[in-house]
Amino acid sequence: VLMHTGQMGSIVFDFLTESFLFDENRIESAFAGQSDDEINAELRRYREFCLAHLGELEQEALRSKSALRVFAGVQRVSLRTLKQSAFYVEQYVLPDPLFVLTSESTHLDEGVRSYLGFQERTLNRAELATVLRYLRALTPMVAHDFVRFLPVSYLFEPPAETPICYSENYFDDVLPSEIMDFFRERAIVRSLRKANEGWLVEDKLSVGRAIAIQFRDHDSSKVFIQHLFEQEIVDWNRDTGIATFRMYLPDASPSREYFQAWLHQSVNRAAQDFYRQLDTEFSISGRLAASYFSTSQFVFDLLAQFAPGVQAQPSGHTANTLLNIDLPFLDGVDTDTLMSVRANDGEVFQNFRNELDKQFFELRLESDPDRFQVKAQKVIHDLSEVQTHALAMKASDLRKGALAQSVLVTATLAGSMIALGLAPIAPVVAAAGVAKVVYDYRASLRSNPAFFLWKVIRPAEQPQ
């Protein structure tokens, strides 16, 4: 039975509980009783609702004043991770996974997809049902103010008209050289091969006209696809300056020299796109006064190495390891019970979060790198020696009591504290149209104290 969401303070859940999209029976049948047109119309209605209430959605996300609010960018955080960290994070601000499904293809996008032989974009009922099951599963977390949603993907939707970009140096200078080197060293490039069922990713790289780019230690589903088209001018009006040209993929492979130049440029552009998105997400986290949360080791290493202020403080580190503490959590507990324990029987965990809040507040006011290091070490000692003992005892009690079926597992909340506050990690031009959500937060640089990487240690992985 769903609680009426008016009690939750979430306007998107208010919308959903009145929509057939949230009906459990229809979700399980993949909306067998609805036509594609009906479902698409409801998705458009949801999209229009979200865009009309952006300000209210942001205010929902800003209600919590804790420094332990975390923002996950466009990354969909699994229900498992949310449950594991429920006792240690005050609130999550998550990307709206349903809003992602409301974006519409442009004519250019559809034309390119058709030419390349990709399947026509149609309503994916299985994916829609998966997303709605996820949202329903999170209902208790929304009800307890643990989870909030923002339509973050709106910022990264492709423009109606695709710009044509040119660089004399293959876009070598779109990022600072040391950051670009970081991306290049971790780039994994494989060839794409055309097959009857579509494009297949090969295990090797060879000279050709289609490649897939990934970055080591990042989400394997994050892939940058590049095709090496040839261009031919069909018409050029000298008076208006308007040219008509066509792009096509020849059957013949390019020369090795041409391919290597294009490969170098493609990795640079992938790095630029990745970094621009991360920069925008980091900007939103600053606006929300939230810590930036990731399960990607690649993202964590990038931020830890190139956080703002590092170059300005060559003798010290403004990005300092703050938390690497083993934290107990209960596995196998249903969401309703977990939220009930958090609200009614989680005083020890609340005390731990309060202590983190207090330490974050004090540390982010310390501008001297040496004094910061001393204070940070004391925080680690106090939390590790005192707080985690109480946490382990409480988790053990819960396991023996009402949550006897749960399994006690360990997690590490690896964190880095930005002592001097956050600013954009490099000057990158923001995409047009983001002003509605991304704000100038530079005036309050100290509002965002940390970024986190959540790692789970399964029982078999724990040291003997």
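I began with the lining of the second largest pocket, in what is a predicted model, and found that helix H7 (107–116), strand E4 (187–195) and strand E6 (210–215) each supply at least two of its residues. Among the contributors, E4 gives the most, with four residues. I then looked up the volume, which comes to about 320 Å³ for this second largest pocket. The lining counts 19 residues, and those closest to the pocket centre are Leu192, Lys194, Trp199, Arg209 and Ala210. Sorted by class, I noted ten nonpolar, four polar and five charged residues in the lining.

Next I turned to the helices, taking them pair by pair.

For helix H10 (residues 177–186) and helix H12 (residues 297–306), I recorded a packing angle of about 155 degrees, with the axes 11 Å apart. On the H10 side the contact is made by Glu178, Ile179, Phe182, Phe183 and Arg186, which meet Phe298, Asp301, Leu302, Gln305 and Phe306 in H12. By class, the residues of this contact of H10 with H12 divide into six nonpolar, one polar and three charged.

For helix H11 (residues 256–287) and H12, I found an angle of about 75 degrees, with the axes 12 Å apart. That makes H11 roughly perpendicular to H12. The residues in contact are Phe274, Tyr275, Leu278 and Phe282 of H11, together with Phe298, Val299, Leu302 and Leu303 of H12. I wrote down the class count for this contact of H11 with H12 as eight nonpolar residues, with no polar and no charged ones.

The remaining pair I looked up was H10 with H11, whose axes come within 10 Å and cross at roughly 110 degrees. That angle makes H10 roughly perpendicular to H11, and the crossing of the two is right-handed. From H10 the contact takes in Ile179, Met180, Phe183 and Arg184, and from H11 it takes in His264, Val267, Asn268, Ala271, Phe274 and Tyr275. The residues of the contact of H10 with H11 divide into seven nonpolar, two polar and one charged.

Note on methods
Residues are numbered from 1 along each chain as its sequence is written. This is a predicted model: local features need pLDDT of at least 70, side-chain atom pairs count only at pLDDT 80 or more; totals for chains, interfaces and linings use all residues. Side-chain values use heavy atoms; hydrogens and water are left out. On a 1 Å grid over the protein atoms alone, a cavity is a set of points where a 1.4 Å probe fits but cannot get out, and a pocket is an open set with protein on both sides within 12 Å along at least five of seven lines; lining residues have an atom within 4 Å of a point. Grid points are joined across faces, edges and corners, and a volume is the space filled by probe spheres set on the points. Ala, Val, Leu, Ile, Met, Phe, Trp, Tyr, Cys and Pro count as nonpolar, Asp, Glu, Lys and Arg as charged, and the others, Gly among them, as polar. Axes are lines fitted to C-alpha atoms, for helices over the stretch in contact, and angles run from 0 to 180 degrees between N-to-C directions. Contact means heavy atoms within 4.5 Å. Angles under 35 degrees count as roughly parallel, over 145 as roughly antiparallel, 65 to 115 as roughly perpendicular and the rest as oblique. A crossing is left-handed if the near helix is turned anticlockwise from the far one by less than a right angle, and right-handed if clockwise.
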